[in-house]
Structure formats: C-alpha cells, structure tokens
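The following paragraphs lead the reader through one protein structure.

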Amino acid sequence: MSSISVLGMGAMGTALARTLLKNGHSVTVWNRTRSRAEPLAGAGAKIAESPAEALAASELAILCLVDYPAPRAVLEQAKEALAGRDLLNLTNGTPGDARELGTWLAAKAAIYLDGGIMAIPPMIGGAGALILYSGSHALFDRHSSALEALAESRHLGEDEGLASLYDIALLSGMYGLFSGFLHASALVTSAEGKAVDFLPLLLPWIEAMSGTLPDLAGKIDSGMHARDVVSNIAMQKIALANIVRASEEQGVAPDFMQPMLRLAGDRVDSGGHGDDISAVVEVIRKRK
Ligand code: FVH
C-alpha cells in the first residue's frame, strides 16, 4: 500500500481520496478551502496545511481541481518541493494545457502523468469507471495498484497531451449523441409527443446506426470514402436539408443540424457526391 496525497477536495477529489482510503492506502488531503477537506479526516486521511506539505507527505500526489490554471497556481505554492516528485494531474483541460504543465514540471525536475477521468464521482472505484493516462510510463507503473483501485487504467503514450485528447474525443461523441437526442426530442414534442414515449423508437435506431461506425472508421483511416457506399453524401445532404426545413416548420431551431448540412454540402460542392458521410472528416480537417 502506498502513501498518496490528493489536492482538491471537490466532488471528484473527495471520491478519489475516499476510494484510496477504502483500499488501504495512506492518504493525505489538501484543499484551498480547508473546511471541505475536514470530513476526510473522519475517514482516516491526514490534512495537509499547504500544497508543499501535501507533496512532501506522500510518494504520489494527485491533483484534481476545477480547471487548468488551478493546478499551476497550487504547484507554484510548492515550487521548492517539486524536484523528484511523482505528480498525477486529473484536472480536465486541453492537450495543450497538459503539455504546457508537463514542460513546466520537467523544468522543476518533477515526474508528470496526466489523466482524463471517464466517470462521475459515484463511479470511482466501481465497475465501468475508466481513467485515461499519458505522460511518464514509469510513474504509471510505479503506482499501478493505487490507480487500478480508482478505475480501469489505460496508458496511451508518453505525450502528456494524449489523455486529454482522447478524453475530449470521447466527450465529443457523447455531446454529439446528446445534441441529436435533444433535437429529436424538440421535434417530437413540437407535435405533443413525449420524449419518454419516443425512446423505444430512438434507442434501437441509434443502436442500429452505431453498427455502421466500423465501416465509417475504416473509410476515415483509409481515406477511401467512395468505397462500397450505400447511402451517398449527396442523398444525405438532401435529408439534412429536409431536417432543417422540417425543424423550421415545427418551430424548432435547426441550430444543431445546420452545421452538419453545411459540412456535407461543402463535400458535395467539391465533387464528393458519391462519397459516404465519413468524407465530412476531410472538410473539418481542412479547417484545422
Ligand atoms: N464531477 C464530475 O462529474 C466530473 C467527471 C469527470 C472529471 N471531472 C473533472 O474533475 C475535476 C474536478 O471536478 P470536481 O467535480 O471535483 O469539481 P468541484 O467539485 O467544483 O471542485 C473544484 C475543486 O477545485 C478547487 N479549486 C478551484 N480553483 C482553485 C484554485 N485557484 N486554487 C486551488 N484550488 C482550486 C476547489 O477548491 P475550493 O473551491 O473548495 O477551495 C475544489 O477543490 C474538473 O477538472 C472536472 O472537469 C469531474
């Protein structure tokens, strides 16, 4: 069992600290607002009075704070205590944020692992929780038993930005699903339907359409968007235009759907009539 400090006693940091305690680790906690750390003392954690004290107390320090400026602000207060320390940052941010923090920490001789939590606080320590990691593989290996207690662990590579990139990509898939669901619900309820009653139609449809993703993924990777196409993008552009017109007729703002219509239209206009919808990826990549 190892000694671990958790800095940040928000909803997620608290769930991480409690899970580590339950698994027999020696836990020290620190929070900017001390009163939020105090309940953890009752569960067996030590409370550190400063970030530097928290770092010095343990073999591994985990930061889980609201946004990326926060870990930097906290670590600035412990600058002298960083050399040789194992630091794991589970704060949500961008790949650039993670790489910038990694560079700053490397200059202070700290060892850095970044992570992206694919779970909500009650899932931590249970089935279905996943944490993506990138950065120091040596740190990941050294603390693997503690990390496994928190969630299933996946190390993606030494580039510190990768965990954040994959975290953001997974969230993009989730928000795509949510935006489609919200738009579909607005349409159905515009004619007195109930979103709840619509679900038995929507869920099997989404499941069936998910089955097309392996084919689309192969087209994205190979760039062969015109191979074995059953629903070409020119036809789909008309369907998307119909969705936009139907939304307007029903008094539903077409804001979620218009970008997809525009992007599919750009591909058709540049000669890709026979491509699959996968070809939209070429349009958005060009805008990078
Ligand atoms: N909660 C969730 O569902 C998601 C699930 C996926 C991953 N996220 C990310 O986890 C990070 C922390 O989220 P959280 O839910 O714990 O957030 P809060 O409960 O709002 O707690 C925020 C903590 O951050 C501390 N803090 C804020 N600013 C500073 C600062 N400048 N210096 C030091 N600490 C700071 C705050 O302290 P205090 O306000 O109590 O003093 C809390 O400890 C986040 O990246 C999610 O995206 C969670």
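The model is predicted. Within it, Asp-215 has a relative accessible area of 36% and is therefore partly exposed, since that class lies between the limits of 20% and 50%. Its partner is Lys-219, and the two form a salt bridge in which the closest N and O atoms are 2.9 Å apart. Lys-219 itself counts as buried, at 0% relative accessibility. Both residues belong to helix H10, which comprises residues 213-222; because they are four residues apart there, about one helical turn separates them.

Side chains of opposite charge can pair when their charged atoms come close. In this model the count of salt bridges comes to 11. A further example joins Asp-86 and Arg-142, whose side chains meet at 2.8 Å, N to O. Asp-86 is part of strand E5 (residues 86-89), whereas Arg-142 is part of helix H6 (residues 137-142), so this pair ties together parts that lie 56 residues apart in sequence. Asp-86 is buried, with a relative accessibility of 7%. Arg-142, by contrast, is partly exposed at 48%.

Glu-76 and Lys-79 also form a salt bridge, with their closest N and O atoms 3.3 Å apart. Glu-76 is partly exposed at 33% relative accessibility, and Lys-79 is likewise partly exposed, with a relative accessible area of 36%. Elsewhere, salt bridges link Arg-34, Glu-38 and Glu-49 in a network.

Attention may now turn to helix H8, which runs over residues 162-189. With 28 residues at 1.5 Å a residue, helix H8 should span 40 Å, and the distance of 40 Å between its end C-alpha atoms agrees with this expectation. The buried residues of H8 are Leu-162, Ala-163, Ser-164, Asp-167, Ser-179, His-183, Ala-184 and Ser-185.

The side chain of Ser-164 reaches the backbone oxygen of Gly-93 at 2.8 Å. When neighbours within four places in sequence are left aside, Ser-164 is in contact with Gly-93, Thr-94, Pro-95 and Asp-114.

Helix H8 also holds Phe-178, which is partly exposed, with a relative accessible area of 39%. Phe-178 contributes to a nonpolar surface patch of about 590 Å², made together with Tyr-175, Leu-177, Phe-181, Leu-182 and Phe-256.

Ala-234 and Asp-275 are separated by 41 residues in sequence, while their C-alpha atoms are 8.0 Å apart in space. With neighbours within four places in sequence set aside, Ala-234 is in contact with Val-268 and His-273.

Note on methods
Residues are numbered from 1 along each chain as its sequence is written. This is a predicted model: local features need pLDDT of at least 70, side-chain atom pairs count only at pLDDT 80 or more; totals for chains, interfaces and linings use all residues. Side-chain values use heavy atoms; hydrogens and water are left out. Helices (H or I, at least four residues) and strands (E, at least two) are DSSP runs, numbered from the N terminus. The expected span of a helix is 1.5 Å times one less than its number of residues. Buried means under 20% relative accessible area, exposed over 50%, partly exposed in between (1.4 Å probe, protein chains only). Patches are made of residues with over 30% relative accessible area and no salt bridge: like charges are joined within 9 Å, nonpolar side chains (Val, Leu, Ile, Met, Phe, Trp, Tyr) within 5 Å. Accessible areas come from the Shrake-Rupley method with a 1.4 Å probe; for residues, only the protein chains shown count as cover. A salt bridge is a side-chain nitrogen of Lys or Arg within 4 Å of a carboxyl oxygen of Asp or Glu. A polar contact is a pair of N or O atoms within 3.5 Å; within protein, one must be able to donate a hydrogen and the other to accept it, and residues adjacent in sequence count only if both atoms are side-chain atoms. Contact means heavy atoms within 4.5 Å.
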